[in-house]
Amino acid sequence: MRDFAAIDFETANECASSVCSVGIVIVRDGEIVDRYYSLINPEPCYYKWFCVQVHGLTEADTMDAPVFSQVWEEIAPLVEGLPLVAHNARFDESCLKAAFRVYQMDYPDYVFYDTLAASRRHFGRCLPNHQLHTVAAACGYDLTNHHHALADAEACAAIALEIL
């Protein structure tokens, strides 16, 4: 796969629609050509302790951020015509669909590929686990800012370029 958009969402709480940040890496002809990152004012707007422990974002970080529909207006042209790639794509696809529903936006049936599933097929039991940072390292990528949406999208893009 040489043309795709790697995507990663972080959420504020247990609701899939509560995306509070997004990172996107655009790959064309096997090269990263663009990156996009934004904080998002989540819906519903409350933060669970566990989520904050994972990504470090709080209500104070996103209170003045745009809402999902405004952010997606900027993202849509970047990803148009590209498949989306995510590590554990079920999570990111569920977030995207839930946010589209909350904001009553027409979902354009994005095609998702999953680097987690690809890692399990490619590496099998050669890795101790198939978490993003483990797979990224196995693909020669040093993920230093894990759970920052853009850093995770960059790691996902590196994995996709290596094993998809």
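Helices (H or I, at least four residues) and strands (E, at least two) are DSSP runs, numbered from the N terminus. This is a predicted model: local features need pLDDT of at least 70, side-chain atom pairs count only at pLDDT 80 or more, and totals for chains, interfaces and linings use all residues. Residues are numbered from 1 along each chain as its sequence is written, and side-chain values use heavy atoms, leaving out hydrogens and water.

**Exercise 1. Describe what follows helix H4, then find what its buried residues pack against.**

Step 1. Glutamine 104 follows H4 and has a positive phi, near 50°.
Step 2. Look for buried residues (under 20% relative accessible area, with exposed over 50% and partly exposed in between; 1.4 Å probe, protein chains only). In H4 they include Asp92, Cys95 and Phe100.
Step 3. The buried residues of H4 pack against S1, S2, helix H3 (68-79), strand S4 (84-86) and strand S5 (112-114).

**Exercise 2. Locate asparagine 13 and list what it touches.**

Step 1. Asparagine 13 sits in the loop between strand S1 (4-11) and strand S2 (19-28).
Step 2. Its relative accessibility is 3%, so asparagine 13 counts as buried.
Step 3. Contact means heavy atoms within 4.5 Å. Not counting residues up to four places away in sequence, asparagine 13 touches Ser18, Pro44, Tyr46, Lys48 and Cys51.
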